[in-house]
Amino acid sequence: MTMLTLTINGQPVEARRGQTVLEAASAAGIDIPTLCHHPQLKPIGACRICLVEIEKQRSLQPACTFPVAANLVVRTESPKAVSARKFALELLFSERNHFCMFCEMSGRCELQQLGYRYGLNHFMYPTYSRQFPVDTSSSHITLDHNRCVLCRRCLRACSELAANHTLDLCRRGAATMVSADMEAPLGQSSCIECGVCLDVCPTGALFDKRSAFMGKPDQLGRIQSVCSQCSLGCGIQIVSRNGFTLRIEGAWDSPVSAGLVCRKGRFDALYDDRVRIDSPLMKVNGEQIAVDWARALGTTASRLQQVNAGAMAVLTTTRATNEALSHLAALFLDSLGCFNAGILNKTAPALPGPGARLCDLSSSDCILVIGVDPARDGPVASFFVKRAVDSGARLIAVGRRCGALSAYADTVYEIDDVAAALAAVGAARKPIVIYGAAISRTTAAALRRLPEQVIFLPLQPGVNTTMAASIGLAGRADITAAKLLYIVAGEENQDFRWLLSGIRADAFVVVQASHGSDLTERADVVLPTAAWLERSGHLTNTEGRTQRVAAVRKPCGNSKQDWEILCDLGLQMGLGIGDLKAAVPASASHFG
Amino acid sequence: MSKAIIATDWLAACAGCHMSLLDMDEKILTLSESVAFSSSPLTDLKQPPETGVTVGILTGAVSNTHNIAVARRMRERCQILVAVGDCATFGGIVAARNLVGTQAALRRAYLETESTIDGRIPDSPELGIPLDTVTGIDPVVKVDVFIPGCPPRADGLFYAISELLAGRIPVVLPPVHFRYD
């Protein structure tokens, strides 16, 4: 790594060869204003806001693209640079609609910030106010071309980060517009609504429909957490106002997802309109009635004490936190000696080696996808795969289960030809195999025989499946003989008919759940639990990384956190697992 | 020392900026020690006196010929002209009309709304003639101080007027008072 020294504003600055003037300046704490630049995207020098004066250069240069060189003399605030910057800004403001008072982004708009910084208090040029369309065809994203400054951040994020290549530019000159699939309405385009364009847009050209006009930045709370919708554990920022969750944004500093979120995590999770259970329920004379916690827990405890361990079955959702899972194991497996326990989804088998992480995909030259549909089961993983394909990696898909990613595959093998696919992977330099729960035992065995340069990335179904497996909860329990069934269903949203049809008619069923379902209707006791925005604790993602999830509001009604209910139940039975309450990190019970 | 005289008037405005002036509450009393308010759209005296005023405050955008006349009259009769609010500085919400065009806006407003029966675009000779393009005041008359904001906060207006009274021109609004919304 060659270091060199340049001078910025009279101050000597150390920089690495290959860095830009902007990067060197910001590392040295020197602020250069930008607009089209975004740290996650490749610089293009389009907006001219970062113009700086560089000695021996014929004209002003954009700091975001100008490479550092030894003995470069840069002035970021020279009168010439500042006046050119202001000129560029005045031109930006004179085109289209940049009136802040009725814009959703006012208060967090980068163009507005620049206007303030350079004291722009009236237009210097006649304004050009041709009307552009407002595209509201997408279910979650509004694209208002009138507010667009053509910085191209959205289309770069769409291509470079989500690797979806939906957005591009159309037309020319002042009529240039951001366009989805050659001028298709966004809602009918190839857009997958991952929403990364919302997180990068500097103005009010792209904004989230649900949270639009619901609050200015100083009225909003922002909590860093981890998405609980699949096993990837992407970093998210939960934006809320007075306990009402407005929107989810990606967390750029997430070690897993580096700012990306998918439609499921960003939007769908906020539109869950199932009925919440806000009080313990108990079946009395065949009818479910609301009862207090003491009665519900007392009944459950005495029933548990009447049944021997062999007649018990325990099932849990993998949406439960590490804390809930360990309390469940401590109570049922360790204390009560129940050996018939399982989870509500499948588990992908463990394969040898240290395991790959999502970020490793970018340096892989060959990716094999088998037994899983990443675009459906862990969409952000599919973004990383497509990014790798864009930068030259070979994608091999096996079988029909690989879903939308198959379209990007170099070769799609039938499941019978798995040997040929594995041979191709084995021959690569840095191959990664992404696999899911749908692989057969034979395939798993074949994967284990691959040469050691092959690393594996499981894409577990469910959410906290990795943690569940590590404490012995994998696969389904046998419920057909159980006289007492304890089900931690949480906010599991699946068709429970497979489960209901297996339960003995005379079995006593206890369900911990946040939402009503046909399962809670069958239950003899329902214990209401906190949903994802209301619970705190930790989740272990499919890479094996344990991350903290934060609560943004108090549990609904009388509901409690999963681990708390299990603690209380243990206490009620005199089993002393209540001590575990102390083992839950203090941070886990904090409402931010 | 004689008091500085302030006159205000509005062009194509919603009155919000004048409300903001009144929002100064008791600070108006502080101001009135060194300032005399002359004409305003809210007082009996509507037009600035021909003898002239020290500070003329205009709110609202220039959207018709009448607005131009009012702006010119204020310019002629004041020493320092202050454009207050987003409409007076940038065209503001009135300039949203530019996105559809004046004629289309008139048709929509007077002929095509869902509740219109026998609509007619007003054409009384007493009315100003709508301009093709709405602008702030600056393209029509020279403006000395610009205070954007929708509306500018009362504290921002108090700050700006105090600066003027202290003889500090140009008025540089600190970030807390420099707002577009």
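A: The contact (heavy atoms within 4.5 Å) draws 18 residues from chain B and 20 residues from chain A. The model is a predicted one, in which local features need pLDDT of at least 70 and side-chain atom pairs count only at pLDDT 80 or more, whereas totals for chains, interfaces and linings use all residues. Residues are numbered from 1 along each chain as its sequence is written, chains are lettered from A and ligands numbered from 1 in the order in which they are written, and side-chain values use heavy atoms, with hydrogens and water left out.

Between chain B and chain A, about 1,700 Å² is buried, and carbon and sulfur atoms give 66% of this area. Buried area here is the accessible area (1.4 Å probe) lost by two parts on being put together, summed over both. On the chain B side, B:Phe90, B:Leu99 and B:Tyr180 supply 41% of the area that this chain buries against chain A, more than any other three residues.

The rule for a salt bridge (a side-chain nitrogen of Lys or Arg within 4 Å of a carboxyl oxygen of Asp or Glu) finds one across this interface. It pairs the side chains of B:Asp181 and A:Lys216, with an N to O distance of 3.3 Å. Five residue pairs, both members at pLDDT 80 or more, are in polar contact between chain B and chain A; such a contact is a pair of N or O atoms within 3.5 Å, where within protein one must be able to donate a hydrogen and the other to accept it, and residues adjacent in sequence count only if both atoms are side-chain atoms.

Helix 4 (residues 86-90) of chain B gives the most to the side of chain B that touches chain A, namely three residues. Helices (H or I, at least four residues) and strands (E, at least two) are DSSP runs, numbered from the N terminus. The residues on that side of chain B comprise ten nonpolar, four polar and four charged, where Ala, Val, Leu, Ile, Met, Phe, Trp, Tyr, Cys and Pro count as nonpolar, Asp, Glu, Lys and Arg as charged, and the others, Gly among them, as polar.

Over all chains, a search of the whole structure finds 34 salt bridges. One of them joins A:Glu249 to A:Arg222, with the closest N and O atoms 2.7 Å apart. A:Glu249 belongs to strand 13 (residues 244-250) of chain A and A:Arg222 to strand 11 (residues 221-226) of chain A, so this pair ties together parts that are 27 residues apart in sequence.

Most residues other than glycine have a negative phi, and most peptide bonds are trans. In chain B, the peptide bond from B:Cys150 to B:Pro151 is cis, with omega near -10°, and B:Pro151 sits in the loop between strand 7 (145-147) and helix 6 (154-165). Another cis peptide bond, with omega about 0°, joins B:Ile169 and B:Pro170; B:Pro170 is in the segment after helix 6 of chain B. In chain A, A:Glu183 has a positive phi, near 70°, and occupies the loop between strand 9 (177-180) and helix 5 (196-200).
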